[in-house]
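Notebook open: I wanted to look up the cavity lining first, then a few helix pairs.

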Amino acid sequence: MRKLSDFLLRNLLRPFLAVLTALAIGAFIILLSHQNPLEAYGQMAFGAFGNFYRIAETLERSIPVTLAALGTAVAFSSGVFNVGVEGSLYLGAFAAFLVGYEVAPPAVLHVPLTLLGAMLVGAAWAFIPGWAKARYKADETVTTILLNYVAILFTSYLVAVPFKDLTAGTQQTPAIHPSAYLPRFLPPSRVHAGLFLAVLVAVFLHWLLRRTSLGYDIRMAGLNPSFAEYAGVDVPRTMIRAMLLSGAIGGLAGAAQVMGILHRFLDGFSPGYGFDGIMVALLARNHPLGILLAGLFYGALQTGAAYMDRTTAVPKELLNSLVAVIIFFVTAEGLFTFAQSSEAFREKLRRWHILPGKAGKGGGGQWDSSQAS
């Protein structure tokens with residue numbers, strides 16, 4: 001019974017309180033603009049779940065960030081702080097365009113072939129910082145951030161020069177073949193089969209992390225790499241495997257947007273799905289099934305805020321501030337819990353002199369939760 005109450009407190013109550021606190025601060029911000037926060041939040045809730053179409057739009061908004069969060073979570077679980085899912089997402093999306101445009105087999109082959117191409121490219125891109133981390137202990141936070149810019153600018157060049165659609169007024173490629181489209185359902189909304197892909201990936205990751213030896217190695221490497229090495233886990237190899245898996249899922253997130261929504265590659269198509277995926281992964285404590293709920297919350301936040309912008313007098317800037325406050329609180333709460341549970345993350349904080357203690361094996365001592373309170 002005590003374990004159950006601890007589980008509920010850790011995984012449900014604390015995130016719920018973080019969201020309530022953020023909403024309370026958001027209500028104060030709305031009051032400063034002489035608007036009624038209850039009315040504004042009512043419009044936000046209606047915009048997210050008010051009718052059949054609004055629910056479908058919320059589901060559609062949640063697809064890319066949920067997949068990005070799943071890719072982030074598997075790397076975080078291994079102790080690798082991969083913030084480069086955005087780069088894998090861009091390259092995976094362009095790979096999906098190439099396969100969807102250059103070949104035209106029947107749909108039963110074209111869809112899985114396109115998805116596979118995107119996943120392979122995404123995984124290959126994530127291999128670079130994973131290998132640098134495992135081989136040379138390069139700081140993956142820095143390398144993945146820098147590689148994001150390389151990936152985004154490289155795809156910008158591709159869509160601006162060799163693959164540009166000369167008949168369009170914007171930087172975009174020609175359309176892929178319809179046989180590579182992900183089918184849509186719940187018309188007239190744009191929600192597509194990528195939603196089922198996200199659910200399948202979440203269930204697969206849950207099984208992988210909880211029921212397989214690779215998943216055990218990943219979790220051990222993330223919780224305490226020193227102990228994992230002592231127990232016989234090849235930590236560098238495990239980190240590389242986790243990064244390959246992370247990049248593959250990131251590539252899948254980009255492919256879902258190209259095949260389900262855009263049907264072509266657009267320059268700068270992502271508003272930051274890879275970075276928002278970090279927030280969603282932290283909110284769900286890297287739990288694959290929890291990420292499904294956290295991704296839905298993100299989708300509702302985005303859809304509801306957009307609707308509130310159209311139907312109330314709350315300035316758009318305040319809406320952005322409200323979303324930022326909510327993201328700040330849920331991320332800070334999730335980050336605090338993650339820091340408590342991950343020896344690798346605490347080691348990084350010691351190296352940055354944020355936590356007391358000496359960095360290196362056995363140099364940091366034990367985490368005292370009172371240090372952060």
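Predicted model: local features only at pLDDT ≥ 70, side-chain atom pairs only at ≥ 80, totals over all residues.

I sorted the lining of the largest cavity by class and got six nonpolar, six polar and no charged residues. My classes: Ala, Val, Leu, Ile, Met, Phe, Trp, Tyr, Cys and Pro are nonpolar, Asp, Glu, Lys and Arg are charged, and the others, Gly among them, are polar. Residues are numbered from 1 along each chain as its sequence is written, and side-chain values use heavy atoms, with hydrogens and water left out.

Which residues line the largest cavity? I listed Asn82, Gly84, Val85, Ser88, Trp125, Ala126, Pro129, Thr144, Leu147, Met243, Ser246 and Gly247. Helix H4 (85-102), H5, H6 and helix H10 (235-262) each give at least two of the lining residues; helices here are DSSP runs (H or I, at least four residues), numbered from the N terminus. The largest cavity holds about 50 Å³ of space, and my search of the whole structure turned up one cavity of 30 Å³ or more. For the record, a cavity is a set of points on a 1 Å grid over the protein atoms alone where a 1.4 Å probe fits but cannot get out, and lining residues have an atom within 4 Å of a point. The volume is the space filled by probe spheres set on the points, which are joined across faces, edges and corners.

Next I checked H5 (residues 107-136) against H6 (residues 140-160): their axes come within 10 Å and cross at roughly 155 degrees. Axes are lines fitted to C-alpha atoms over the stretch in contact, with angles from 0 to 180 degrees between N-to-C directions. On the H5 side I found Trp125, Ile128, Pro129 and Lys133 touching H6 residues that include Thr144 and Leu147 (contact means heavy atoms within 4.5 Å). By class, this contact has six nonpolar, two polar and two charged residues.

Then H7 (residues 194-211) and H8 (residues 213-223): the axes come within 5 Å and cross at roughly 80 degrees, so H7 and H8 are roughly perpendicular. Leu208, Leu209 and Arg210 of H7 meet Leu214, Gly215, Tyr216, Ile218 and Arg219 of H8.

Last, H3 (residues 52-77) packs on H11 (residues 273-283) at about 65 degrees, axes 7 Å apart.

How values were computed
1 Å grid on protein atoms, 1.4 Å probe; cavity = no way out; pocket = protein on both sides within 12 Å on 5 of 7 lines; lining within 4 Å. Parallel < 35°, antiparallel > 145°, perpendicular 65-115°, else oblique.
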